[in-house]
Amino acid sequence: MAPASRPEDLLEPVDVGRHLRKLELSLGQVCRVADISRMQLDYWTTKARIPTKGRKQRLYDVDAVETVLLIKQGKDKGLSLQAAIEAAERFKAGQASRAPRRD
């Protein structure tokens with residue numbers, strides 16, 4: 001391989017999404033992203049059994065944040081909380097069945 005003539009020629013595209021999946025957001029950060037209150041997020045986390053990490057401070061991974069955003073979307077469209085939770089679960093299950101396999 002010939003040496004790069006410019007420093008930028010050494011660089012390759014970055015899969016930002018792959019790196020973002022490693023992030024964990026605090027309760028307050030998730031509230032800001034979803035535009036909901038801490039009380040709502042606490043309640044939804046319990047009712048929807050959204051998994052969190054952390055002991056002193058609850059942390060939400062990208063999958064959990066997606067669940068919160070789907071529930072919010074359902075609530076904004078007039079669904080009850082339980083219907084929004086169920087819709088989010090079905091939506092994610094459907095997405096998983098259509099996702100390409102990663103080997």
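Analyst: Happy to! Ser-26 sits in strand β1, which spans residues 24-26. Bear in mind that this is a predicted model.

User: Why is Ser-26 called buried?

Analyst: Its relative accessible area is 11%. Buried means under 20%, so Ser-26 qualifies as buried. Ser-26 touches Gln-57, Arg-58, Leu-59 and Tyr-60, leaving aside residues up to four places away in sequence.

User: What makes α2 roughly perpendicular to α3?

Analyst: Helix α2 (residues 27-34) packs against helix α3 (residues 38-47) at an angle of about 105 degrees, and their axes are 9 Å apart. Angles of 65 to 115 degrees count as roughly perpendicular, so that is the term for α2 and α3.

User: Which residues make that contact?

Analyst: From α2 come Leu-27, Gly-28, Val-30 and Cys-31, while α3 supplies Arg-38, Leu-41 and Asp-42. By class, the contact has four nonpolar, one polar and two charged residues. Gly counts as polar here.

User: How do you know that the buried residues of α3 line one face of the helix?

Analyst: The buried residues in α3 are Leu-41, Trp-44 and Thr-45. Viewed down the axis of α3, they fall within an arc of 100 degrees, so they line one face. An α-helix has 3.6 residues a turn, so residues three or four places apart point the same way. On the other side of α3, Met-39 and Thr-46 are exposed.

User: What covers the buried residues of α3?

Analyst: The cover includes α2, β2 (59-61), α4 (62-76) and α5 (81-98).

Note on methods. Residues numbered from 1 in each chain as written. Predicted model: local features only at pLDDT ≥ 70, side-chain atom pairs only at ≥ 80, totals over all residues. Heavy atoms only, no water. Axes fitted to C-alpha atoms, helices over the stretch in contact; angles between N-to-C directions. Helix = DSSP H or I, 4+ residues; strand = E, 2+ residues; numbered from the N terminus. Parallel < 35°, antiparallel > 145°, perpendicular 65-115°, else oblique. Contact = heavy atoms within 4.5 Å. Buried < 20%, exposed > 50% of the residue type's maximum accessible area, 1.4 Å probe, protein only. Arc of directions from axis to C-beta.
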